[in-house]
Amino acid sequence: MKIENGFKFEKLSKSVMNKNICIVASKWNDDIVSPMIKESLSYMKEVGIKNINIVRVPGAWEIPYAALKSIHNGAEGIIAFGSIIKGETPHFELIANTTADALMKLSIENSIPIVNGILATNNIEQAFERSSVEKLNKGKEITQSLLEIMEL
């Protein structure tokens, strides 16, 4: 048994390895989002996941709609990646809260696992720390969460 990022991970079942997984990711803050996508793809390749689709959307606000379209197009598990950085207005809270709520609602209503890898940070330094391959990259951790929940 392999333990990484707090997860106890055994070999994936064949049924999970053959599922259709979609990464829905924002283009906004791409220098933060792309490293998470790259780490996610690398990890899925390492464990043998082959059916992966990537959908890029303008920003975090558009991720729930693209997730819904992905479900309609056959996605059996969805990873959402984005980056929302706090500014001077309440826009940060609005986008972070509504996208999280929408993704959870989509997951429950459609019985499709959706994991939320949309970073909501106080500043750009925190965002880079959470997406850096050398530091805390959330791409792999979020992907592990999806694969684990898909085993249920």
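Ile63 touches Val24, Ser26, Val57, Ala80, Phe81, Gly82, Leu103 and Ile118, leaving aside residues up to four places away in sequence; contact here means heavy atoms within 4.5 Å. The model is predicted, and local features need pLDDT of at least 70, side-chain atom pairs count only at pLDDT 80 or more, and totals for chains, interfaces and linings use all residues. Residues are numbered from 1 along each chain as its sequence is written, and side-chain values use heavy atoms, with hydrogens and water left out.

Ile63 lies in helix α3 (residues 63-72); helices are DSSP runs (H or I, at least four residues), numbered from the N terminus. Ile63 counts as buried because its relative accessibility is 0%, where buried means under 20% relative accessible area (1.4 Å probe, protein chains only). The C-alpha atoms of Ile63 and Met17 are separated by 24 Å, with the two residues 46 apart along the chain.

Two packed helices are described by the angle between their axes and the distance between the axes. The table gives both values for two pairs; axes are lines fitted to C-alpha atoms over the stretch in contact, and angles run from 0 to 180 degrees between N-to-C directions.

| Helix pair | Angle | Axis distance |
|---|---|---|
| α3 (residues 63-72) and α4 (residues 91-110) | about 15° | 9 Å |
| α2 (residues 30-47) and α5 (residues 124-131) | about 15° | 9 Å |

The α3 helix is thus roughly parallel to α4, a term for angles under 35 degrees. The crossing of α3 with α4 is right-handed, that is, the near helix is turned clockwise from the far one by less than a right angle. From α3, Ile63, Pro64, Ala67, Leu68 and Ile71 meet Thr99, Ala102, Leu103, Leu106 and Asn110 of α4. This contact comprises eight nonpolar, two polar and no charged residues; Ala, Val, Leu, Ile, Met, Phe, Trp, Tyr, Cys and Pro count as nonpolar, Asp, Glu, Lys and Arg as charged, and the others, Gly among them, as polar.

The helices α2 and α5 are likewise roughly parallel to each other, but their crossing is left-handed. Asp31, Ile32, Pro35 and Met36 of α2 make the contact with Ile124, Ala127, Phe128, Arg130 and Ser131 of α5. By class, these residues are six nonpolar, one polar and two charged.

Thr143, in helix α6 (residues 138-150), is buried, with a relative accessible area of 0%. Beyond four places in sequence, Thr143 touches Ser40, Tyr43, Met44, Ile79 and Phe81. The side chains of Thr143 and Ser40 make a polar contact (2.6 Å), defined as a pair of N or O atoms within 3.5 Å, of which, within protein, one must be able to donate a hydrogen and the other to accept it, and residues adjacent in sequence count only if both atoms are side-chain atoms.

Technical notes
Helices (H or I, at least four residues) and strands (E, at least two) are DSSP runs, numbered from the N terminus. Buried means under 20% relative accessible area, exposed over 50%, partly exposed in between (1.4 Å probe, protein chains only). Angles under 35 degrees count as roughly parallel, over 145 as roughly antiparallel, 65 to 115 as roughly perpendicular and the rest as oblique.
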